[in-house]
Amino acid sequence: MAAAAERTESWTPAMDISETGEGFCVRLDLAGVAREDMEVMVSEQALVISGLRRLPEPEGLALSRREREYGRFRRTVELPAGADRGALSAALRDGVLEVRVGKRAGEMPKRVEIKAAAQEEPPSAGVGSSEDGK
Amino acid sequence: MPLRPRRPLEAFQRLREAADGVFREAGELYFQSPVSPEGRWTPPMDVYEGAESIVLEMEMPGVRREDLEVRLSANSLTISGQRRLAAAGGQPERFHRIERNYGPFSRSFSIGVSVEPERAGAKLEDGVLRLELPKSDRGGPQQIEIEVAD
């Protein structure tokens, strides 16, 4: 899963991408971003997470020190071939946005049944069989 | 003319204090980096000052209340805790990319004004710790630990 940070945006939230047997998980640090100020979009090849952290303007308080970043953000995650765009979910908890993408059944590792080797029936007479020219 | 001790760092330090406002971080004159050599990380914060209080907002997304500790005296503050690696529903995870910080963090400050630790409030909401420290004229009590509310 490849990811890109757009430099035109004013800040870039930290992001982790992981994979389990069932799917992919993208987590972003979005402390203090309101749920209604974030958006998760999915296209054919990519997941785009964007939004806005609003600059607080507390009344009667003067800013003394600023380390936090505000404004718009956008992160793009390329979806791998096995991702199932139909199996997407997103949840926000304690300032962490977690987006889960399932894997298509066809891409899940499958167990191959191992059969005991059976006595093969000789193939019925066919064109070009050497026995024809006896 | 009275003799004055020569302190070459004094001007620099005063400049630094002005930039930092009422908060001065322990050890920051020497080294400031998002991740310290001990592997600790530094959650970013904003500080506001009003006529009656000092308000601090520190980002700590995904940090649980029980993993967070706030210690305050009249003139010093320490915020420490840790962020744990979240489990993906108990399934083993293979990471393709890790940008987020995990593990312990700690930041200590000296406060340029006196505050009242017993009237201080702490709240952890949407991954942001908000501390409200009421200013005080008198000297405060010994260091106390503040209860963080959800």
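Guide: Start with chain A. It has zero helices and nine strands. Along the sequence the pattern reads β-β-β-β-β-β-β-β-β. Keep in mind that this is a predicted model.

Visitor: How much of chain A counts as buried?

Guide: Of its 134 residues, 23% count as buried. The cut-off is 20 or more other C-beta atoms within 10 Å.

Visitor: What share of the contacts in chain A with a separation of 6 or more comes from residues 24 or more positions apart?

Guide: That share is 56%.

Visitor: Why is D94(A) called partly exposed?

Guide: D94(A) has 18 other C-beta atoms within 10 Å. Buried needs 20 or more, and exposed needs 12 or fewer. The count of 18 lies in between, so D94(A) is partly exposed. D94(A) sits in the loop between β8 (83-93) and β9 (96-103) of chain A. Its phi is near 50°, a positive value in a residue other than glycine.

Visitor: Now chain B. What makes D126(B) partly exposed?

Guide: D126(B) has 18 C-beta neighbours inside 10 Å. Phi is positive, about 50°, although D126(B) is not a glycine.

Visitor: How do you know that β6(A) and β2(B) pair?

Guide: Pairing takes at least two bridges. β6(A) and β2(B), residues 45-50, have five, in the antiparallel sense. Because five meets that cut-off, they pair. Two positions show it. A62(A) stands opposite E49(B), and R65(A) has V47(B) as its bridge partner.

Visitor: What sheet does that pairing belong to?

Guide: An open sheet of five strands, in the order β6(A)-β2(B)-β3(B)-β9(B)-β8(B). The pairing is antiparallel. From one strand to the next, the twist averages 15°.

Visitor: Which strands are called edge strands?

Guide: β6 (61-66) of chain A and β8 (121-125) of chain B. Each pairs on one side only.

Visitor: What makes β2(B) and β3(B) a pair?

Guide: Five bridges join them, and they run antiparallel. The cut-off is at least two, so they pair. M45(B) has M58(B) as its bridge partner in β3(B). A hairpin of two residues connects the strands.

Visitor: And why do β3(B) and β9(B) count as paired?

Guide: Seven bridges join β3(B), residues 53-59, to β9(B), residues 128-134. At least two are needed, so this is a pair.

Visitor: Why is β2(B) described as mostly covered?

Guide: Five of its six residues are buried. Buried means 20 or more other C-beta atoms within 10 Å, so five residues of β2(B) reach that count.

Visitor: How many residues are in contact between the chains?

Guide: 30 residues of chain A are in contact with 31 residues of chain B. A contact here means C-beta atoms within 7 Å. β2 (15-19), β3 (23-29) and β6 of chain A each supply at least two residues of the side that touches chain B. β6(A) gives the most, with six residues.

Visitor: What classes of residue make up that side of chain A?

Guide: There are 13 nonpolar, seven polar and 10 charged residues.

Note on methods:
Residues numbered from 1 in each chain as written. Chains lettered and ligands numbered in written order. Predicted model: local features only at pLDDT ≥ 70, side-chain atom pairs only at ≥ 80, totals over all residues. Helix = DSSP H or I, 4+ residues; strand = E, 2+ residues; numbered from the N terminus. Axes fitted to C-alpha atoms, helices over the stretch in contact; angles between N-to-C directions. Contact = placed C-beta atoms within 7 Å. Nonpolar A, V, L, I, M, F, W, Y, C, P; charged D, E, K, R; others polar.
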